[in-house]
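Subject: Structure handover and notes

Dear colleague,

I am passing on the structure that we talked about, together with some notes on what was found in it. Please open it beside this message and follow the residues as you read.

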Amino acid sequence: MTSFPLWRGRRLRRTESLRALVRETRLIPDRLILPLFVTEGTGVRAPVGSMPGVFRTSVDEAVVDTREAHGLGLGGVILFGIPEHKDAEGSGAWDDEGAVQRAVRAIKDATPDLNVLTDVCMCEYTEHGHCGVLREDGTVDNDPTLELLARTALSHARAGADVVAPSDMMDGRVGAIREALDEAGYQQVAILSYAAKYASAFYGPFRDAADSAPAFGDRRGYQMDPANQDEALREVWADIEEGADMVMVKPALAYLDVIHRVKRETGWPVAAYHVSGEYAAIMAAAERGWLDGERAMEEALVSIARAGADAIITYWAREFARRNG
Ligand SMILES: [Zn+2]
């Protein structure tokens, strides 16, 4: 290693063209995935109060958004359903005529080569807002939930999803889903598991958007403790051994160390979810003029890529693509 005055770090920072020459991380739109909230009806485009620029849309409007996403060169969209009816077991999740299933068909019809991912969980569909079947004591019963998750993933595969993404954090769900998909002839459908999903305060605005806040209690009995890193590796390896094609760390910014370690230790394709609270915090500060929102958002996304994420799920995907396409 040379040192001052032979070496001067500022030489290669002198102009933008020199900085570009030695830039280590390049984030391009085809690594970004746009989340969409799909609901019933037609012509629906309802803003989500806590997430400026984010909407709940009906299927026809979702197609408008996905055509735009495709035109901007994004890496894909991930769909979340907002059903009209909820029940105790969340049966709307595997309804072949549900908003998500209809949206997948419509999107694959309109833009066949745009990657369509679907979130697989029960919390948007259950009256109680938890991610699975409840026991009498109010805790989520792991094993009976697996069958419902598999049924849901299968209905998404039937609709034409390229990737199903279980977000429930039940043990054994990836294996159960892989088996159900393979038995039904959907060997080509990939699984992106929310492998290290933390019980985070940064999900607040999403629950507002998806109407999926738990009616009682919280999700700390199944989502991960924010203090743990080794445990994330156990979760990730378990999902890989059960058949996950990609693994996710969620949230992203407060867990860059986890993203980095998962990528380095597994070499597996890693996705990171730049979640609603991370987005909303920057948007809110920018609205008040407290920071430059566009620069802050780009810095956040580049840091997630620099940590080791291959793909990033972000509400800022379209804006990023418009600025960097
Ligand atoms: Zn859930």
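Two residues are said to be in contact when they have heavy atoms within 4.5 Å of each other, and the helices (H or I, at least four residues) and strands (E, at least two) are DSSP runs, numbered from the N terminus. This is a predicted model, in which local features need pLDDT of at least 70 and side-chain atom pairs count only at pLDDT 80 or more, while totals for chains, interfaces and linings use all residues. Residues are numbered from 1 along each chain as its sequence is written, and side-chain values use heavy atoms, with hydrogens and water left out.

Buried here means under 20% relative accessible area, while exposed means over 50% and partly exposed lies in between (1.4 Å probe, protein chains only). The buried residues in helix 2 are Val 59, Glu 61, Ala 62, Val 63, Asp 65, Thr 66 and Ala 69. After helix 2 comes Gly 73, which has a positive phi, near 80 degrees.

Helix 3 (residues 99-110) has 12 residues that should span 16 Å, and this agrees with the 16 Å between its end C-alpha atoms. Its buried residues, among them Val 100, Ala 103 and Ile 107, pack against strand 1, helix 2, strand 4 (76-82), strand 5 and helix 4.

Helix 4

Helix 4 (residues 142-159) reaches 26 Å from its first C-alpha to its last over 18 residues, close to the 26 Å expected. Is helix 4 enclosed by the rest of the structure, or exposed? Since 13 of its 18 residues are buried, helix 4 is largely enclosed by the rest of the structure. Gly 160, with a positive phi near 115 degrees, follows helix 4.

Strands

Two strands pair if DSSP finds at least two bridges between them. Strand 10 (residues 311-314) pairs in the parallel sense with strand 1 (residues 32-39) over 2 bridges, and also in the parallel sense with strand 9 (residues 270-274) over 4 bridges. Leu 32 has Ile 312 as its bridge partner in strand 10, whereas Ala 271 has Ala 311. In a regular strand the side chains alternate between the two faces of the sheet. Both faces of strand 10 are covered, with Ala 311 and Ile 313 buried on one side and Ile 312 and Thr 314 buried on the other.

Strand 6 (residues 163-166) pairs in the parallel sense with strand 5 (residues 116-120) over 4 bridges, and Asp 119 has Ala 165 as its bridge partner there. From strand 6, Val 163 and Ala 165 point one way and Val 164 and Pro 166 the other, and all are buried.

Glu 40 and Ser 58

Glu 40 lies in the loop between strand 1 and strand 2 (45-47), and its contacts beyond four places in sequence include Ser 58 and Arg 102. A polar contact (a pair of N or O atoms within 3.5 Å; within protein, one must be able to donate a hydrogen and the other to accept it, and residues adjacent in sequence count only if both atoms are side-chain atoms) of 2.8 Å joins the side chains of Glu 40 and Arg 102.

Ser 58 belongs to strand 3 (residues 55-58) and is buried, because its relative accessibility is 0%. A polar atom of the Ser 58 side chain lies 2.9 Å from the backbone nitrogen of Val 44.

The zinc ion

Which residues are the protein donors of the zinc ion? Donors are N, O and S atoms within 2.8 Å of the metal (3.2 Å for Na, K and Ca), and sites may look incomplete because water is not among the atoms. Here they are Cys 121 (SG), Cys 123 (SG) and Cys 131 (SG), lying 2.3 Å from the zinc ion, with the sequence spacing C-x1-C-x7-C. Cys 121 is buried at 2% relative accessible area, and Cys 123 counts as buried at 7%.

With best wishes

Key. Expected span 1.5 Å × (residues − 1).
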